[in-house]
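Reader: Hi! I'm new to this one, could you walk me through it?
Author: Happy to, let's have a look together.

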Amino acid sequence: MNTHTSRSARLTRRTGETDISVSLCLDGQGKGTIETGVGFFDHMLNALARHGGLDLDVHAQGDLHIDDHHTIEDIGIALGDAFRKAIGDKRGIERFGYALVPLDEALCESVVDVSGRPFLAWDVSFPREMIGTMATEMVEEFFRAFAMAAHLTVHVTCKSGKNAHHIAESAFKSFARALRMAIAPDPRSEGTIPSTKGVL
């Protein structure tokens with residue numbers, strides 16, 4: 001399988017709407033610098049890094065004078081592209097991961113398959129439209145952009161919750177833990193690709 005030092009990627013994504021740089025290490029210590037211009041989203045990406053065991057730097061400038069849509073979606077694309085580059089041929093990984101994570105009254109479940117088949121199943125709703133300056137509908141848009149670009153199958157389900165902040169944070173943390181499980185080395189794999197097809 002890929003060595004720890006090779007499971008990393010850096011990239012930039014520039015469009016007429018955003019300018020984004022991403023540095024990602026899959027075998028990190030949950031450290032990094034997140035600067036997106038959207039405070040709550042910074043908080044969520046820091047949670048993703050910390051609980052996913054990722055070293056993550058994200059610096060973004062976007063057209064926030066319009067709204068947060070382009071910035072958050074494009075960061076999802078850039079981060080997904082970086083993930084796909086860092087994970088390589090997926091040799092020797094667990095492939096599947098799942099987690100249930102509570103935050104007070106909120107409880108979200110995430111299931112991840114590093115499948116090579118992009119798909120998002122989303123069953124999460126929010127009781128209000130905004131958390132700080134971030135539209136709650138953009139939580140789903142980030143997960144979709146990330147899953148599509150990273151070529152992951154992702155299911156996220158909110159089991160309970162009333163507080164929008166808690167629901168979003170539970171979703172990000174459960175996804176982080178599921179992803180961490182899925183990309184972990186499988187000591188029994190002997191470096192093989194975890195698929196009967198021989199490719200992911």
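Reader: Where does Met 181 lie?
Author: Met 181 lies in helix H4, which covers residues 164–183. Helices (H or I, at least four residues) and strands (E, at least two) are DSSP runs, numbered from the N terminus. Keep in mind that this is a predicted model: local features need pLDDT of at least 70, side-chain atom pairs count only at pLDDT 80 or more, and totals for chains, interfaces and linings use all residues. Residues are numbered from 1 along each chain as its sequence is written, and side-chain values use heavy atoms, with hydrogens and water left out.

Reader: Thanks! Is Met 181 buried, exposed or partly exposed?
Author: Met 181 counts as partly exposed, at 33% relative accessibility. Buried means under 20% relative accessible area, exposed over 50%, and partly exposed in between (1.4 Å probe, protein chains only).

Reader: Salt bridges, then. How many are found in the whole structure?
Author: The search finds twelve. A salt bridge here is a side-chain nitrogen of Lys or Arg within 4 Å of a carboxyl oxygen of Asp or Glu. One of them links Arg 13 with Asp 74, with the closest N and O atoms 3.7 Å apart.

Reader: What does that pair tie together?
Author: Arg 13 is in strand E1 (residues 8–14) and Asp 74 is in helix H2 (residues 69–87), so the bridge ties together parts that are 61 residues apart in sequence. Arg 13 is partly exposed at 25% relative accessibility, whereas Asp 74 is buried at 5%.

Reader: And how far apart in helix H2 are Arg 84 and Asp 81?
Author: They are three residues apart, which is about one helical turn. Their side chains meet in a salt bridge at 3.3 Å, N to O. Arg 84 is partly exposed at 35%, and Asp 81 is partly exposed at 26%.

Reader: Which side chain does Glu 109 meet in a salt bridge?
Author: Glu 109 meets Lys 159, at 3.6 Å from N to O. Glu 109 lies in strand E6 (residues 106–113) and Lys 159 in strand E10 (residues 153–160), so this pair ties together parts that are 50 residues apart in sequence.

Reader: New topic: how many disulfides are found?
Author: Zero, from a search of the whole structure. A disulfide is counted when a pair of cysteine sulfur atoms lies within 2.5 Å. The sulfur of Cys 108 has its closest cysteine sulfur in Cys 158, 4.0 Å away, too far for a bond. Cys 108 is buried, with a relative accessible area of 0%.

Reader: Last one: what is the strand order in the open sheet of four strands?
Author: The order is E1-E2-E4-E3, with mixed pairing. E1 and strand E3 (34–35) stand at the edges with a single partner strand each, so one side of each is left without a neighbour in the sheet. Two strands pair if DSSP finds at least two bridges between them. E3 pairs with strand E4 (residues 55–62) in the parallel sense over two bridges, and Glu 35 has His 59 in E4 as its bridge partner.
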